[in-house]
Every structure is written in C-alpha cells, then in structure tokens.
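Hi,

Here is the structure I promised to pass on. Have a look at it first, and my notes follow below.

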Amino acid sequence: MTNPIFRPDLLRGGRILVTGGGSGLGKIMAAGLAALGATVYLCGRREDVLTQAEAEINAACVDGAGRAVGIVCDIRSPEAVDALLERIWNEGGPLTGLLNNAAGNFIARTETISVRGFDAVANTVFRGGFLVTHGCGQRWIAGGQPGSVVSILSSWIWNGGPFATASAMSKAGMHAMTQSLAVEWANKGIRLNAICPGAFSTEGADARMAAPDSGVMIGSPMGRAGRPDELVNLAAFLFAPGLGFLTGQTIAIDGAAWQATGQNFSALTSWDDGQWQQAREQAQAADARDKAARASGQ
C-alpha cells in the first residue's frame, strides 16, 4: 500500500477468505490485508491466476506480515464451496473473515441478454456469495466463533444499474443478505458490512465495463479514480478488531460520484446500434483472451 493508515500488525492472526482474489480488486485488497498481517485465502476458478497472485503477495510481504494461499474453487457449486471451507478449517482453524468479492459483469441492453448471460453474473455474485457466506456462518455458529463478512457491492443497490441489470439485481440481493444477517447473526458475534467502490481501474473492468475509448469507467466529482490503498484501508477498517458494534452498514467509496451522477450507465440511453456493437466487440475480445489464457494455462 502507498498510504497505509494502520499499524502494520493490525490484522495479525486474522484468516480471511477473498473470493475472486486472484485478480482485480480482490487481489488488491488481499495484498493489502496480507501486508497488515492476515493470512489470506484466495479462491477462484483459474489455478494459474491464483498461483501468480499468491507468489506476488507473498513476495511483497515483509517480515512479520501475513501470507497468501491460493485455492481453486468454483463458488457457484455448493460441493466445491464445502470442500474449500473444510480444507481451510482443517488446515489452520476457523476463518476470522470473509470478503465476498467474486463478480462478473458487462454492459448490454437488457433485452439482448440471454438467460445464460444473466446466469453467468447472478450465479457468481448472488448464488456464490450466499453459498460462501452461508457455509462460513454455519461453521462459525457451530463452533461458537465470531466472524466478519464484508461484501463488495455497488451503489446500484440504491439507484439501479441500467445496462448492467443482472449485476445490479445480484448485488441488491447481496445487500439484502447483509442487512438481514446483520440482525439474524448479531447475537452470535458475526458482523456483516458492505463496500460500494466507485471507479477503481482494473484490467477486467476496463475491458468489459468502460464505454469504448472512454478511459475511466465512470468519473467522480474529484476528477480522478480511486487509489488502491484507499480501498484497502476501508476493507481493513471493517475487518479490524475493536469494531464489534459495527454491523449492517454499507459504505460507498467513490468520491461522491453516485450522489453527483448516479454512478451508473444511464447516459448510455443515447447510444446508437454502432456504439453498442463496438462495446459488445470489446467485451467479446476480453472474453476471448481470458478463454485462451485458461486453455493455455497461462
């Protein structure tokens, strides 16, 4: 992190699972949590991506810091999630935290989205997020242990996500889960909070969510995108000890973008067919690169 605000051992002894932790914002946050002393478990579907992320995070961790462990898991599968959590619990004891970060998204006119396209987003964000949260919660409750869940959402939970409807619906469901379980599990020592990041540049988001040649996905009144350390600091704050009374909260970190502009793609109502085709080709090219990388093991 370039601008840490916490003592370097803040999360020492913590064991935090980061879904989708091999790339993008998940990797950024996992690296920051490890730098503060936590053991972070990275899960995702691509072993090569996880292996690289694990190596990079561990190489950056100085003496006394935490470490990263990559584990392949498709969180859309209840059997895979159960096996993942059993392994983690058996190898070092219960998790102390869960960061629901895994996501999938693309911009499109909703009438053009196939059921398969909808499922690709909803099954990862909504179904997968519930499965992992549910599995951790069951184990924490059975063991009488506290836990902290932080879910990465979007300000679309408040004002909708035109042209990203599947993602907006899925993240709204995760927000409802956060609000519901914050009450239901409060007396069990399990806290649930959420973060709504604004424009933080990542390769995946830039390829699939940016309008062609637009640069930053959606701007903010501050005139800049968020810095990685700013997001890490918020995540670390929510996982930090001494915050046992903080639960059921959702915090936007977007430079006031959603208040100013809605922080969504409503402006795309003016796009013509040519612009939509260009955006579709841009997303398809990114998908093709990912598929080729999976096939080659790179």
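Before the details, a word on terms: two strands pair if DSSP finds at least two bridges between them. Helices (H or I, at least four residues) and strands (E, at least two) are DSSP runs, numbered from the N terminus. Please keep in mind that this is a predicted model, where local features need pLDDT of at least 70, side-chain atom pairs count only at pLDDT 80 or more, and totals for chains, interfaces and linings use all residues. Residues are numbered from 1 along each chain as its sequence is written, and side-chain values use heavy atoms, with hydrogens and water left out.

Let's start with the sheet. Strand 1 (residues 15–19) pairs with strand 2 (residues 39–44) in the parallel sense, over 5 bridges. Within that pairing, V18 has L42 of strand 2 as its bridge partner. The two belong to an open sheet of 7 strands with parallel pairing, in the order 3-2-1-4-5-6-7. Its edges are strand 3 (67–72) and strand 7 (250–253), each of which pairs on one side only. On average, neighbouring strands are turned by 20° against each other, direction ignored; axes here are lines fitted to C-alpha atoms, for helices over the stretch in contact, and angles run from 0 to 180 degrees between N-to-C directions.

Strand 2 is mostly covered, with 6 of its 6 residues buried (buried means under 20% relative accessible area, exposed over 50%, partly exposed in between, using a 1.4 Å probe and protein chains only). T39, Y41 and C43 point one way from the strand, while V40, L42 and G44 point the other way.

Helix 4 (residues 115–143) lies across strand 1, strand 4 (97–100), strand 5 (147–152) and strand 6 (190–197), and runs at about 170° to strand 4. Contact, here and below, means heavy atoms within 4.5 Å.

Helix 4 also packs with helix 3 (residues 78–92), at an angle of about 40° and with the axes 10 Å apart. That makes helix 3 oblique to helix 4 (angles under 35 degrees count as roughly parallel, over 145 as roughly antiparallel, 65 to 115 as roughly perpendicular and the rest as oblique). Among the residues making this contact are W89 of helix 3 and W140 of helix 4. By class, the contact has 8 nonpolar, 1 polar and 4 charged residues. For the classes, Ala, Val, Leu, Ile, Met, Phe, Trp, Tyr, Cys and Pro count as nonpolar, Asp, Glu, Lys and Arg as charged, and the others, Gly among them, as polar.

What about helix 1 (residues 24–35) and helix 8 (residues 228–239)? Their axes come within 9 Å and cross at roughly 60°, so helix 1 and helix 8 are oblique to each other. The residues in contact include L25 and I28 of helix 1 and L231 and F239 of helix 8. They divide into 10 nonpolar, 1 polar and no charged.

A256, in the loop between strand 7 and helix 9 (257–261), has a positive phi near 65° without being a glycine. A256 is partly exposed, at a relative accessible area of 38%. Q263 is not a glycine either, yet its phi is positive at about 50°. Q263 sits in the loop between helix 9 and helix 10 (273–296) and counts as buried, at 4% relative accessibility.

Cheers
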